[in-house]
Amino acid sequence: MKYFGSKRLDGVRKFRQFIAFLFFFELFAIANASALSLDEYSQFGVEIARPPSLNARSAILIDAATGTVLYEKNADIALPPASLTKLVTLHLAMEEIKAGRLSPDEMVEIDARDCSPYIPYGSSLMYLRPGMKVSIRDLMLGAAVVSGNDAAYALARRIAGSNERFAEMMNKAVAEMGFDRMTFVEPSGLSEKNLVTARQFALFSKRYIELHPEALKELHSVKSIKFPRPEHATTEYHPDGIIIQYNRNPLIFSYDGADGLKTGYIIEVGYNMAATAQRNGARFIAVLLGGSSTPYANGTAVRTKDTKALLDWAFSNFSTARPGYIAPKPLRVWFGKTIQLLPEPNGEAAITVPSSLKDRVWARIELPKTVRAPVQKGQKIGRIVYEIDKKEIGSVDLVAPSEVQRGGFFRILIDTVLRFFAFILGKV
């Protein structure tokens, strides 16, 4: 009787542990990743220099690897992006190429509606002429390098048939990416009715680089293009020699590590910039909106000065730490069509820290022993925990790389039996 009672108590204890585990797992599954604020790093004896004072009405600076916000100024007010709009246009063009609906080598006959005088002659142009046959690759370079409004219009017309239908595609694309405060009425940035916030545009730029890393080398850091060339002659227009047009972004000529992204200007908002640079394993993204809008204020020079100052501050004070960790083993999936799942980091396995602390960051893994089907793609399973001196400073979620559907009758029956014995042996 005593023996039976001991077994009974042990069974009750295991059952309570099992319920507690389920409760803990539910909390674990919904917990949000955390990270220290910049001020909280003072506990490690770190002092961060004050950021520069900026002319722009709105600005933000983020780490491109982690999305960590390092600086912001009125980052949530909606302002016209001007030619920063063309990043969304180029994103859609590259997505069309990936889908096989567009080719960089395809030749497009230029419509008169995509040329001056339909587009203001004083605005940024790659100088398309009606009847020219121009490749998609050249049009993308024209939009990225010399900020050609005509290039953006020509791309939009080829992809969607009109600027209006293309704007619908733009709005759908950014909405699906979660950017609910980015709206567009046309593809070039000429309209002041295009609106973004600095915060969302910086995060869009981060995603743009992740989706199209080749664009930095093939488009945004290209210093010049030759256009038009002799092969672009029409019955009414013949290029007079070779014309060289230079990149509108001065940072790629003068700032170490700069390889994008886009400048912009319309009178309604002033001088805008979305800039990125990479040094020593760290990449930062700065978005500045609403700089000085009068020629007398020398807005282009002020925009460049402010952007350089903000990036200098980032590189001087912050690093992207990527400490090694023991990679997780595949987890047992109970009641699923597949029986194993290998969690992966949700984004890059990295954390942004003050530079002086980079070498003090350690990483460890938190994972349950097993999971139960169904599992959704992207579902949080565990996390990578980053620590300094055994104090948690942040984490990155570990998520399911693919969906695991619930198995059939026999799989559920078999796993019910196996899981019972695994539970008795303390392996669940």
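A residue is called buried here if its relative accessible area is under 20%, exposed if over 50%, and partly exposed in between, with a 1.4 Å probe and protein chains only. The structure is a predicted model, in which local features need pLDDT of at least 70, side-chain atom pairs count only at pLDDT 80 or more, and totals for chains, interfaces and linings use all residues. Residues are numbered from 1 along each chain as its sequence is written, and side-chain values use heavy atoms, leaving out hydrogens and water.

**Overall chain**

The chain has 428 residues, of which 49% count as buried. Its secondary structure comes to 10 helices and 18 strands; these are DSSP runs numbered from the N terminus, helices being H or I of at least four residues and strands E of at least two. The C-alpha trace spans about 105 × 55 × 30 Å along its principal axes. Contact means heavy atoms within 4.5 Å. Among contacts between residues at least 6 apart in sequence, 68% join residues at least 24 apart.

**Aromatic pairs**

Rings of Phe, Tyr and Trp (its six-membered ring) pair if their centres lie within 6.5 Å; planes under 30 degrees apart count as stacked, over 60 as edge-to-face and the rest as tilted. By this rule there are nine aromatic pairs. Two of them are set out below.

| Pair | Type | Centre to centre | Angle between planes |
|---|---|---|---|
| F179 and F204 | edge-to-face | 6.3 Å | 80 degrees |
| F284 and F315 | edge-to-face | 5.0 Å | 75 degrees |

F179 lies in the loop between α5 (163–176) and α6 (198–211) and F204 in helix α6, so their pair ties together parts that are 25 residues apart in sequence. Both F179 and F204 are buried. Together with F201 and Y208, F179 and F204 form one aromatic cluster.

The pair of F284, in strand β9 (residues 282–289), and F315, in helix α9 (residues 299–317), links distant parts of the chain, 31 residues apart. F284 and F315 are buried as well.

**Charges over rings**

A charge sits over a ring if NZ of Lys or CZ of Arg is within 6 Å of the ring centre and within 35 degrees of the ring normal. The charged end of R129 sits over the ring of Y237, 4.2 Å from its centre. R332 lies over the face of W334, at 4.1 Å from the ring centre.

**A buried alanine**

A93 belongs to helix α2 (residues 86–98) and is buried, with a relative accessible area of 0%. Apart from neighbours within four places in sequence, A93 is in contact with L102, M140 and I159.

**Backbone features**

Most residues other than glycine have a negative phi, and most peptide bonds are trans. A cis peptide bond joins F227 and P228, with omega about -5 degrees; P228 is in the loop between β5 (224–226) and β6 (244–246). Another cis peptide bond joins G260 and L261, with omega about 5 degrees, and L261 is in strand β7 (residues 258–266).

N280 has a positive phi, near 50 degrees. N280 is in the loop between β8 (270–279) and β9 and counts as exposed at 76% relative accessibility. For D389, phi is also positive, near 50 degrees. D389 lies in the loop between β17 (380–388) and β18 (391–399) and counts as partly exposed at 47% relative accessibility.
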